[in-house]
Amino acid sequence: MKNYRAVDHLKFIIPSLIGIILFMVPFYDKNQEVVTIPIAILSGWLETALADHLSFIMMIIISITAIGSIVIRLTGPAFLDQFPFFQSLFYVSPVWLITRILGMVFAIMVYYQIGPEAIISENTGGLLLDSLLHVLFAVFLFAGLFLPLLLNYGLLELVGVLLTKVMRPLFTLPGRSSIDSIASWLGDGTIGVLLTSKQYEEGYYSKREAAVIGTTFSVVSITFSLVVISEVGLSHMFVPFYLTVAFAGFVAALIMPRIPPLSRKPRTYVTEEAEDIEEEIPEEHSMFSYAYQQAVERGSKETSVKKFFKQGAQNILDMWMGVAPIVMALGTIALVIAEFTPFFTWLGYPFIPLLELMQVPYAAEASETILVGFADMFLPAIIGASIESEMTRFIIATLSVTQLIYMSEVGGLLLGSKIPVNMKDLFIIFLLRTLITLPIIVLAAHLIF
């Protein structure tokens, strides 16, 4: 093993431990009288402190995002060549540009209470601007700031090597793909899609592997999961909720690569020849010593505190500006449809007998949330938040996270990437994941409640 200085070991150990404590270790919050993770406790304090101002702050953030996107679309992306982060943030496709503009219009209408009641009602746009977006602001601030502790100091490398031997037999994937899934889990599903797309374009994954990783392992992050469970009023149940998500997602990951449409994707590569990647652990190493060496090697390269805060700030802006306008736009439209039309009621009819068979309380109300998640992952939680049964709200929140494919973010990214999946593939995968994970989640809910 290479000789590292004590400071190199500490550069891996200390930030990674702090990250694990902040994002994964449950603590008791005296104010809320619940057990939750430190990131959520910090977010709750901030949300309470800024409660009277957050609707205005989020309206401004959404408006800046839309106006910035319009300006860059008119001037062209070259205007921000010197600032690639802001270029990628503001230069979006026409569809997402329209979505951001709609988000701004709805946010202004709700804040100033102008326009049709259907949009500004406390059950539609008001619910988003005055409730959900408050949670998003606070959670994204702290989660975005501290994410580099998990991603940049060797923890990914450590776990990635340790999982090498399980990825191929269990999920039919190369060991290195564990890095993509861990980055998604700890950071954001978008990180997983971007990592997968990049590695696929460079010839590291076959078309089938890229499609499987992008649609199965670009999992919903701890951050988003926390927002979802908070929205249905069950943040004190975060630990059993996330364990259920993990187990249901694990079962889906075992099954999905082995059935169509993913199993039918070609095993060819985007480049002429596949990259010959060494996955073997060197003879002089045990699995753990090699994993630890890779982790220390990665951690030792991080020398700048300024870089840490810069990346944290970029994460925050990316989350605020990338997600909030889409949630405001698509969420308002979906809630208006849900409140003022029978559309989601019709979509949910086939699921009522299934939910009743599984003895889910308020089966008819729950059925309305099952397919709406394809538009946006937050919508089932928003629509289901008013259901009286805690067990039903738990099922709705957990299912929305395990469904994974939602067009407002991961689905849209997959379609925009080079990963070989189309809209039809994504909807079939969404339905299959729903049918696979729903019985597991309901069983867990019966055991918990």
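Student: How do helix 13 and helix 14 lie to each other?
Tutor: Helix 13 and helix 14 are oblique to each other. Oblique is what remains once angles under 35 degrees are called roughly parallel, over 145 roughly antiparallel, and 65 to 115 roughly perpendicular. Before we go on, this is a predicted model, where local features need pLDDT of at least 70 and side-chain atom pairs count only at pLDDT 80 or more, while totals for chains, interfaces and linings use all residues. Residues are numbered from 1 along each chain as its sequence is written, and side-chain values use heavy atoms, with hydrogens and water left out.

Student: Okay, at what angle do the axes of helix 13 and helix 14 cross?
Tutor: The axes of helix 13 (residues 222-231) and helix 14 (residues 238-255) cross at roughly 120° and come within 11 Å. Axes here are lines fitted to C-alpha atoms, for helices over the stretch in contact, with angles running from 0 to 180 degrees between N-to-C directions. Helices are DSSP runs of H or I with at least four residues, numbered from the N terminus.

Student: And which residues make the contact?
Tutor: Helix 13 brings Ile222, Ser225, Leu226 and Ile229, and helix 14 brings Phe238, Phe241 and Tyr242. Contact means heavy atoms within 4.5 Å. Six of the residues in the contact of helix 13 with helix 14 are nonpolar, one is polar and none is charged. In this scheme Ala, Val, Leu, Ile, Met, Phe, Trp, Tyr, Cys and Pro are nonpolar, Asp, Glu, Lys and Arg are charged, and the others, Gly among them, are polar.

Student: New topic: how many residues are in the largest nonpolar core?
Tutor: The largest nonpolar core has 126 residues, and Leu133, Phe241, Met328 and Phe378 have the most contacts inside it. Helix 7 (residues 125-151) gives this core its largest share, 16 residues. A nonpolar core is a set of buried Ala, Val, Leu, Ile, Met, Phe, Trp, Tyr and Cys residues joined through side-chain atoms within 4.5 Å. Buried means under 20% relative accessible area, exposed over 50%, and partly exposed in between, using a 1.4 Å probe and protein chains only.

Student: What does Leu133 touch?
Tutor: Not counting residues up to four places away in sequence, Leu133 touches Met58, Ile62, Leu128, Ala324, Val327 and Met328. Another core, of nine residues, lies apart from the largest one, and Leu158, Tyr290, Ala291 and Ala295 are among its members.

Student: Which residues does helix 8 use to meet helix 15?
Tutor: Helix 8 uses Glu157, Leu158, Val161 and Leu162, meeting residues of helix 15 that include Tyr290, Ala291 and Ala295. Helix 8 (residues 155-162) and helix 15 (residues 287-300) pack at about 155°, with their axes 7 Å apart. Helix 8 and helix 15 are therefore roughly antiparallel to each other.

Student: Is Gln359 buried or exposed? And Leu404, buried or exposed?
Tutor: Gln359 is exposed, with a relative accessible area of 59%, whereas Leu404 is buried at 3%. Leu404 has a positive phi of about 75° although it is not a glycine.

Student: Last one: which residues does a cis peptide bond join?
Tutor: A cis peptide bond joins Pro260 and Pro261, with omega about 5°. Pro261 lies in the loop between helix 14 and helix 15.

Methods. Helices (H or I, at least four residues) and strands (E, at least two) are DSSP runs, numbered from the N terminus.
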